[in-house]
Amino acid sequence: IAVIDGHNGMGHVVAERSMALAIRKARKYGIGMVAVRNSTHFGIAGYYATMASDRGLIGCCGTNARPSIAPTFGVEPMLGTNPLTFAMPTDEPFPFCLDCATSVAQRGTVEVYSRRGRALPAGWVIDRRGRPRTDTDQILKDLGRSEAAFVPLGGAGEETAGYKGYGYATVVEILSSALQSANFMKALLGVRNGRPAPIELGHFFIAIDVSSFTEPAEFRRHVGTILRQLRASAKAPGRRRIYTAGEREYEATQDRLRRGIPVPLGVRQDMEAMRDELGFKTLRLPWERRRI
């Protein structure tokens, strides 16, 4: 077990080092855990969990974030979108990797809808009176002002079990702050005494060496068999495939390696504006070169 102070540095750096340390500890003791405080946004949680699965270990990690989820029966943003992420090695070309927020959606998804000029589906975001919001661009502004909030996984209220997502978000908040005496919930708003302040996040990283429990090859085969049986089960009418976590991401990676990465129009415009603002007048971006 270790506690690391990120010193408000780049979250990606401290997160990679922390999972590497957890892996070393797991190799020595069977399980290793590292808790981090005073960090910043660390990007894709699945990257760190798969650091472990790529080495034949089970990986788990999580982070708190700026408050944006309202608790069940509440309307005020209190918890971050708080991903709880797991990765496990299999006997297939890709691991089982579940990397998702504990809210129905997250800000990045709203930003994608905004770039495409689309309204949000009802049931993702509520206002201060508990009413559903779909006005994408205004939601992006109101999330930062605590005038809008995401609902937890399962949705608002109890009918569709939103209390489960709320509970898991709380688990991540506790593991991202209590072990390392770090900031939590409203202390992560980025405001102190009415003035902007660093958003000092907490993370946690766990690695488990499966060889401490069973033969690694047998573990991978066992996990792979579970996943294959899930995919082979009866399909709903009109559905050709059942996926397991990490499968679509693996296929998308293979497609990107073959055909390149699509860049939406909104992102292109942002990159062009940034290029122009920084004065890189001779820099032509790939899609511009193709127009010549």
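**Basis of the entries**

I worked from a predicted model, in which local features need pLDDT of at least 70 and side-chain atom pairs count only at pLDDT 80 or more, while totals for chains, interfaces and linings use all residues. Residues are numbered from 1 along each chain as its sequence is written, and side-chain values use heavy atoms, with hydrogens and water left out. Helices (H or I, at least four residues) and strands (E, at least two) are DSSP runs, numbered from the N terminus.

I traced an open sheet of 6 strands with mixed pairing, in the order 1-2-11-3-4-5. Two strands pair if DSSP finds at least two bridges between them. Strand 1 (2–5) and strand 5 (96–98) stand at the edges with a single partner strand each, so one side of each is left without a neighbour in the sheet. On average, neighbouring strands are turned by 10 degrees against each other, direction ignored.

**Strand 3**

I then examined strand 3 (residues 57–63), which pairs with strand 11 (residues 201–209) in the antiparallel sense over 7 bridges. Its pairing with strand 4 is also antiparallel, over 4 bridges. Glycine 62 has phenylalanine 204 as its bridge partner in strand 11 and stands opposite leucine 84 in strand 4. The bridge partner of cysteine 61 in strand 11 is phenylalanine 205.

Are the faces of strand 3 buried or exposed? Leu57, Gly59, Cys61 and Thr63 on one side are buried, as are Ile58, Cys60 and Gly62 on the other. Buried means under 20% relative accessible area, exposed over 50%, and partly exposed in between (1.4 Å probe, protein chains only). In a regular strand the side chains alternate between the two faces of the sheet.

**Glutamate 92**

I located glutamate 92 in the loop between strand 4 (84–88) and strand 5. Glutamate 92 counts as buried because its relative accessibility is 19%. Its side chain is joined to that of arginine 228 by a polar contact of 3.4 Å. A polar contact is a pair of N or O atoms within 3.5 Å; within protein, one must be able to donate a hydrogen and the other to accept it, and residues adjacent in sequence count only if both atoms are side-chain atoms. Leaving aside neighbours within four places in sequence, glutamate 92 is in contact (heavy atoms within 4.5 Å) with Leu227, Arg228 and Arg231.

**Tyrosine 166**

I found tyrosine 166 in helix 5 (residues 162–175). Tyrosine 166 is partly exposed, with a relative accessible area of 30%. Proline 152 is 14 residues away from tyrosine 166 in sequence and 5.3 Å away in space, C-alpha to C-alpha. With neighbours within four places in sequence left aside, tyrosine 166 is in contact with Pro71, Thr72, Leu79 and Pro152.

Technical notes. Axes fitted to C-alpha atoms, helices over the stretch in contact; angles between N-to-C directions.
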